[in-house]
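Welcome! Here is a short tour of a protein model, from one of its helices to its pockets and cavities. Please take a look at it before reading on.

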Amino acid sequence: MSAVQMPPVSPATSLPNQIYKWRGYNVRYQVSGPPNAEHTLLLVHGLFVNSDHWRKMLTGLDGSVRVYAVDLLGSGWSDKPFREDTNAKLINGENGRFIGCDSKCYRESNGQSTKRLQKIRTDATMKNVPLGTPSGGNRVASELDLRHPLGSPYNFYTWAEQLTDFVHDVIHEDAGATSKPPVTLIANSIGTMSSLQSVIDEPNLFNGVVVINPNFRELHMAEVPFSQLTMPLVRQIQALLRNKGHRLFKSLATPQTVTEILKEPYAVTDAIDEELVSVLLDPLLTNGADEVVFDTLSYSAGPLPEQQLASTNFPDLPVWVIYGKDDPWTPASRVEKLEYVGRPGETRSTVERVVGLDGAGHCPHDEKPEVVNGLILDFLQRLRQ
């Protein structure tokens with residue numbers, strides 16, 4: 001990999017690139033809007049991108065909103081430790097989370113357990129989990145394994161803890177000792193699962209969630225058809241990529257290839273400009289980025305949106321879903337069905353509203369920013385009620 005370094009200012013937003021020291025690692029974040037704003041947002045990016053992907057929301061909302069966007073560990077300009085590093089194992093969000101697991105969570109090991117909510121231990125494998133289908137139907141997954149098969153720290157539980165710690169350590173500290181503003185989460189793609197899990201873990205920190213094009217993770221063991229037959233083959237391909245795919249990754253990490261790849265999820269191809277390609281590609285040229293990509297591609301487990309939204313531990317707060325109808329990765333009928341997902345024993349859905357956008361793909365916040373930013377302001381108006 002080339003010796004690419006983080007610029008002091010983001011070329012996509014003209015905002016300073018700031019560093020949050022999290023569990024011994026550097027995490028990049030950006031912030032816009034006045035410190036005393038009425039509302040505070042935390043933007044959570046999707047797969048293989050970073051906080052610059054929120055360029056048009058970081059700079060496009062009015063002065064009543066304070067907006068933070070963070071690079072998840074392993075993404076963007078944040079550190080990318082190897083999964084076998086000693087500290088990477090210690091900070092893994094799966095530690096101390098499952099029944100029958102002897103590991104302690106990072107907070108318990110570092111004296112933070114009295115300051116933060118303790119984890120609710122659950123079974124590592126869920127049985128008979130109701131999920132959706134691409135056509136908008138219902139199905140039941142016989143098993144849903146919540147653990148990364150490699151034991152990698154690059155999982156939704158680690159990222160959820162990063163988000164909640166960021167609220168405590170950065171957002172609340174910025175606001176001052178006497179003010180701890182509730183935070184509204186805005187998530188795109190696989191950022192959905194990290195965000196929903198952070199709400200389950202520490203519901204007192206948040207007042208609402210907007211999901212933009214959730215990802216249903218086609219390579220998840222609960223999503224792959226005939227998984228008992230097909231998953232061994234999937235695992236072999238994943239192992240091959242981890243062991244032999246680094247040269248392929250380097251050959252594909254070019255502006256031309258990234259441009260072509262973006263044309264698949266983007267319905268509005270005019271949004272794919274040189275700036276976007278540059279700010280998404282450059283961090284992928286840093287040391288360790290290829291390892292994180294292959295670890296993530298091997299993550300055929302973990303929570304799924306329907307399972308999280310139906311959790312008895314999911315709090316009673318507003319959730320909206322916005323999606324582009326021309327997204328080739330997220331089936332529209334399955335997204336629409338989220339409006340009917342609810343907690344056991346309740347008659348109303350966890351999701352208040354689902355909004356489909358014509359002519360938008362997987363990233364409507366970057367493809368149709370005026371429309372999406374307007375919907376975010378509508379959601380904030382809803383929170384005032």
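A residue is called buried when its relative accessible area is under 20%, exposed when over 50%, and partly exposed in between, using a 1.4 Å probe and protein chains only. By that rule F166 is buried, with a relative accessible area of 1%. Before going further, please note that this is a predicted model, in which local features need pLDDT of at least 70, side-chain atom pairs count only at pLDDT 80 or more, and totals for chains, interfaces and linings use all residues. Residues are numbered from 1 along each chain as its sequence is written, and side-chain values use heavy atoms, with hydrogens and water left out.

**Helix α4**

F166 belongs to helix α4. Helices (H or I, at least four residues) and strands (E, at least two) are DSSP runs, numbered from the N terminus. Where does the chain bring F166 and Y68 together? Their C-alpha atoms are separated by 9.9 Å, although the two residues are 98 residues apart along the chain.

Of the 20 residues of α4, 16 are buried, so the helix is largely enclosed by the rest of the structure. Q162 is another residue of α4, and at 1% relative accessibility Q162 counts as buried. A polar atom of the Q162 side chain lies 2.8 Å from the backbone nitrogen of L73. This is a polar contact, meaning a pair of N or O atoms within 3.5 Å; within protein, one must be able to donate a hydrogen and the other to accept it, and residues adjacent in sequence count only if both atoms are side-chain atoms.

Just after the helix, G176 takes a positive phi of about 100 degrees.

**A buried asparagine in a loop**

N215 sits in the loop between β8 (206-214) and α6. N215 is buried, with a relative accessible area of 9%. A polar atom of its side chain lies 2.6 Å from the backbone nitrogen of R217.

**Pockets and cavities**

Rolling a probe the size of a water molecule over the atoms shows where empty space is left. On a 1 Å grid over the protein atoms alone, a cavity is a set of points where a 1.4 Å probe fits but cannot get out, and a pocket is an open set with protein on both sides within 12 Å along at least five of seven lines; lining residues have an atom within 4 Å of a point. Grid points are joined across faces, edges and corners, and a volume is the space filled by probe spheres set on the points.

| Space | Volume |
|---|---|
| Largest pocket | about 1,200 Å³ |
| Second largest pocket | about 440 Å³ |
| Largest cavity | about 180 Å³ |
| Second largest cavity | about 40 Å³ |

Of the 42 residues lining the largest pocket, L47, F48, I261, L297 and W329 are the closest to its centre. This lining divides into 27 nonpolar, 12 polar and 3 charged residues. Here Ala, Val, Leu, Ile, Met, Phe, Trp, Tyr, Cys and Pro count as nonpolar, Asp, Glu, Lys and Arg as charged, and the others, Gly among them, as polar.

The second largest pocket is lined by 23 residues, with T122, M126, Q307, S311 and N313 nearest its centre. Strand β5 provides the largest share of this lining, 5 residues.

A search of the whole structure finds 2 cavities of 30 Å³ or more. The largest cavity is lined by 23 residues, and F48, V49, G74, S75 and V292 are the closest to its centre. Helix α4 returns here, for α4, α5 and α10 each give two or more residues to this lining. The most come from α10, with 4 residues.

Which residues line the second largest cavity? They are R97, R107, L117, Q118, K119, E161, D201 and E202. By class, this lining has 1 nonpolar, 1 polar and 6 charged residues.
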